[in-house]
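My notes follow the order in which I checked them.

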Amino acid sequence: MPARPLTTSSEAPAAEPATGKASNVSDVKKHLGTLLTSVAMIAGLALLGFLAWSWWQSRLPGSYDVMSYGTVDDGGAQPIAHHHFGVDSLSGPAGKPDYRLTLTAERAPIRLASGKTIDAWTFNGRSPGPELRVRTGDLVQVALVNKDIGDGVTIHWHGLDVPNAEDGVAGVTQNAVAPGGRYVYRFRPEQVGTFWYHTHQDASQGVKQGLFGALVVEAKAKAHGLDLALPVHTFSSRTAIGTHDDVQRRAVRPGTPVRLRLIDTDSSSARFRLSGMRPSVVAIDGAEIRPAPVPPGEAIEIGAGGRYDLAFRMPDGVASVEVVNSKAALILSPDGTGEPAAVPSRPVFDPAARRRAAPALRGAHFDRTFNLTIGKKVGFLNGRPGRHWALNGKLYPRVPMFEVTKGDLVRINLTNDSSSVHPMHLHGHHVLVLTRNGKAVSPWSTDTLLMLPHERYSVAFRAENPGLWMLHCHNLQHAADGLTMHLMYAGVSTPFRAGKSAHNDPE
């Protein structure tokens with residue numbers, strides 16, 4: 001009998017290879033899935049580790065040297081030998097003072113002209129503090145006493161090129177004056193013009209609360225006419241000229257020479273509407289310019305910390321200055337009455353578009369050239385995650401430090417690569433504006449340069465005031481949020497420390 005074909009048994013083994021392949025594919029998928037999961041977990045852990053490291057690295061110690069973190073930029077100059085010196089050695093002159101004053105920082109209520117009472121931080125019970133009027137060349141001595149400002153206080157002489165130890169920056173040029181403490185400033189002003197003073201300890205809070213005042217340096221020969229310093233400030237949403245948050249009227253004889261010194265003490269720009277006069281801008285940030293007539297209806301806009309001086313002869317009728325978007329105004333008239341006249345709306349006065357003078361420093365050899373770009377960057381600022389202000393792509397405190405030597409002719413190319421306004425303030429120096437957006441301008445000297453969104457400026461200065469100087473945005477909240485750095489003279493050091501446990505917080 002012939003053997004039966006083993007069809008069933010022969011078919012079963014034929015299926016085994018297919019089952020084996022499917023099993024292998026499944027195993028590979030499982031292993032691949034496990035591998036991808038592991039890789040994802042490792043990448044996630046690495047990311048978390050990097051974020052944790054970045055967070056830790058961003059945290060500022062309780063006490064630190066502001067020079068320890070920044071990256072020194074020498075502006076392309078060759079390294080040179082230099083002697084070492086401390087900022088505390090750069091003090092004001094000795095001798096008998098020609099002008100002496102004590103300013104006591106204290107909490108006190110102030111009353112605005114409208115009747116509104118403000119719980120303010122004051123100098124001598126007033127905000128603005130006492131107006132200081134001194135003569136060029138006088139030896140000025142101001143004693144600062146802190147009665148009860150818990151976080152401490154200093155005095156910075158905004159726009160005045162004082163010796164470095166007198167600059168009043170907590171944690172950089174001095175320690176903040178604690179309650180019950182006292183500190184004496186001495187300097188001999190060589191500039192003539194409009195300046196102001198304010199605390200530079202927790203400045204974003206202290207200035208807002210009222211720790212500021214006007215400072216005017218006059219020539220030895222006294223000028224005739226009416227000369228008014230007009231600091232503008234917002235107290236609890238009330239904008240005021242001095243303490244006048246409404247209309248202030250004053251009688252002025254026709255033909256009288258008038259000089260109005262406009263000072264923006266807020267952290268935002270101030271715009272002024274002028275009427276009934278034929279004014280000229282005669283000074284910007286305490287530096288005289290060739291008188292620039294302001295056309296009828298053209299407003300004056302001043303960046304935070306900036307100053308403009310207007311000059312005109314009193315007309316026969318009403319002359320007025322109004323702070324736009326507020327009720328604050330000054331009206332001058334022969335009999336002390338009147339209302340501001342309606343004026344056509346025109347663009348704001350542009351200092352760069354004045355009657356063109358020869359381009360400044362064309363063909364000059366600059367000893368050092370620096371580039372500074374203002375932008376934003378995602379990261380951690382003292383442990384806080386977010387999109388923060390950055391300088392040359394770096395977050396505070398790892399921002400550039402510009403190094404110069406005495407006598408250098410220095411150029412800084414500034415770029416505002418943001419959609420915000422930045423009034424950039426350099427301590428201890430004035431800069432000469434050379435170009436805007438690559439085009440030469442009629443130059444002017446400034447210490448607080450108003451940079452509109454996406455503007456570019458080239459400025460220059462002669463390094464003649466040794467020390468360690470702040471360069472920061474005078475929107476003081478921007479500065480507190482990291483928009484600050486330093487200009488250092490080669491060889492300088494500071495014995496002072498910033499930080500919470502050091503009780504020094506300049507911004």
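Below are my notes on this predicted model.

**Sheet.** I started with an open sheet of five strands. I read its order as β13-β21-β20-β15-β18, and the pairing is mixed. I then looked up the edge strands: they are β13 (247-251) and β18 (300-302), each pairing on one side only. From one strand to the next, the twist averages 15°. Next I took β15, residues 270-275, and its link to β18. The two run antiparallel and are joined by three bridges. For R271 I found E301 as the bridge partner in β18.

**Cavities.** How many cavities of 30 Å³ or more does the structure hold? I counted two. I listed its lining, which includes I412, L414, M424, L426, D447 and L471. β25 (409-416), β26 (422-426) and β30 (448-451) each give two or more residues to that lining. By class, I noted eight nonpolar, two polar and one charged.

The second largest cavity has a volume of about 50 Å³. Among its lining residues I found V66, G70, Y396, V399 and T484. β33 gives the largest share, three residues. I noted six nonpolar residues, three polar and no charged here.

**T484.** I went back to this lining residue of the second largest cavity. T484 sits in strand β33, residues 484-489. Is T484 buried or exposed? I put T484 down as buried, because its relative accessibility is 5% and the cut-off for buried is under 20%. Leaving out residues up to four places away in sequence, I found T484 touching L391, Y396, V399, M470, L471, H472, A479 and E507. Y396 and V399 also line the second largest cavity, while L471 lines the largest cavity.

Technical notes:
Residues numbered from 1 in each chain as written. Predicted model: local features only at pLDDT ≥ 70, side-chain atom pairs only at ≥ 80, totals over all residues. Heavy atoms only, no water. Pairing = 2+ DSSP bridges. Helix = DSSP H or I, 4+ residues; strand = E, 2+ residues; numbered from the N terminus. Axes fitted to C-alpha atoms, helices over the stretch in contact; angles between N-to-C directions. Buried < 20%, exposed > 50% of the residue type's maximum accessible area, 1.4 Å probe, protein only. Contact = heavy atoms within 4.5 Å. 1 Å grid on protein atoms, 1.4 Å probe; cavity = no way out; pocket = protein on both sides within 12 Å on 5 of 7 lines; lining within 4 Å. Points joined across faces, edges and corners; volume = space filled by probe spheres on them. Nonpolar A, V, L, I, M, F, W, Y, C, P; charged D, E, K, R; others polar.
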